[in-house]
Amino acid sequence: QQGMPLQVRTIGGRFRLALPAGTKTMQLHVDPPRGYLPVTRPGIPVSGEPLRIALEPARAISGVVTDASGKPVAGYRLVAGPMYVARQLRTPIETVTRADGAFAFTELVARTYLIAGQEGQDWTRPAPVQAQSGASDLRLEVGRFVRIAGSVTDVGGAPVPGASVRVHIQPHQPGTNPGSTTTGGDRVNFLVQVGEDGRFEIEKFPPGFKLRISGRPPDARKRD
């Protein structure tokens, strides 16, 4: 266990270690060829008996990401994390779709994973999908965010700076994560302030929704 680690290569699946005299235990790490998962076994007693190390085949989860028309989405970032594991032990795995929209998570163990889109992209995040390692037919649909802009004026056409604009998505569809704020029991998905020129803008609005827009003047408290 002390000093420099010993490194050997297998020949025909077999290996031989020359350990220092007096070694009682050792930690063994196997860096496998492609298609298998690495193995680390600490505290192995040194007895002189042959060791048998069974390597677990690596598994994958693959699929494709498209828009609503079926067109592949390239460069979409996805993460996968194991289900039913303590939060502090979850280590997300990342991948990016290719030009044809295809993606693959490789070097996975045999368990259920949760597949989700990463935040901060120009595309919506679909509802997370549970998949067993080995699945190869996942299909995720996303939509590109759209920009909404407008202005608030008085009856004479003059801008009303400082007014607030509330955007309500109808109905709210789970899984797209558009963001929301609850105001007085009313679900407000976007709340923006009007600028000095009376204009407002929402840069990332999820596509495919009906919406209702309401506004309040700067000095209003209870009336729209």
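**Terms and their grounds**

Modeller: In this predicted model, the chain exposes about 15,000 Å², of which carbon and sulfur atoms supply 50%. The chain has 16 strands and zero helices, and buried residues make up 32% of its 224 residues.

Biologist: Why is Ser 133 called buried?

Modeller: Its relative accessible area is 10%. Buried means under 20%, therefore Ser 133 falls in that class.

Biologist: Where is Ser 133 found, and which residues does Ser 133 touch?

Modeller: Ser 133 is found in the loop between strand 8 (129-132) and strand 9 (138-141). Leaving aside residues up to four places away in sequence, Ser 133 touches Arg 59, Ala 60, Ile 61, Leu 108, Val 109, Ala 110, Arg 111 and Tyr 113.

Biologist: What makes the pair formed by the side chain of Ser 133 and the backbone oxygen of Val 109 a polar contact?

Modeller: A polar atom of that side chain lies 3.0 Å from the oxygen.

Biologist: What is the strand order of the open sheet, and why are strand 6 (102-108) and strand 9 its edge strands?

Modeller: The order is 6-3-9, with mixed pairing. Strands 6 and 9 are the edges because each pairs on one side only. From one strand to the next, the twist averages 25 degrees.

Definitions and conventions:
Residues numbered from 1 in each chain as written. Predicted model: local features only at pLDDT ≥ 70, side-chain atom pairs only at ≥ 80, totals over all residues. Heavy atoms only, no water. Helix = DSSP H or I, 4+ residues; strand = E, 2+ residues; numbered from the N terminus. Buried < 20%, exposed > 50% of the residue type's maximum accessible area, 1.4 Å probe, protein only. Polar contact = N/O pair within 3.5 Å; in protein donor to acceptor, adjacent residues only side chain to side chain. Contact = heavy atoms within 4.5 Å. Pairing = 2+ DSSP bridges. Axes fitted to C-alpha atoms, helices over the stretch in contact; angles between N-to-C directions. Areas by Shrake-Rupley, 256 points an atom, 1.4 Å probe, with all protein chains shown as cover.
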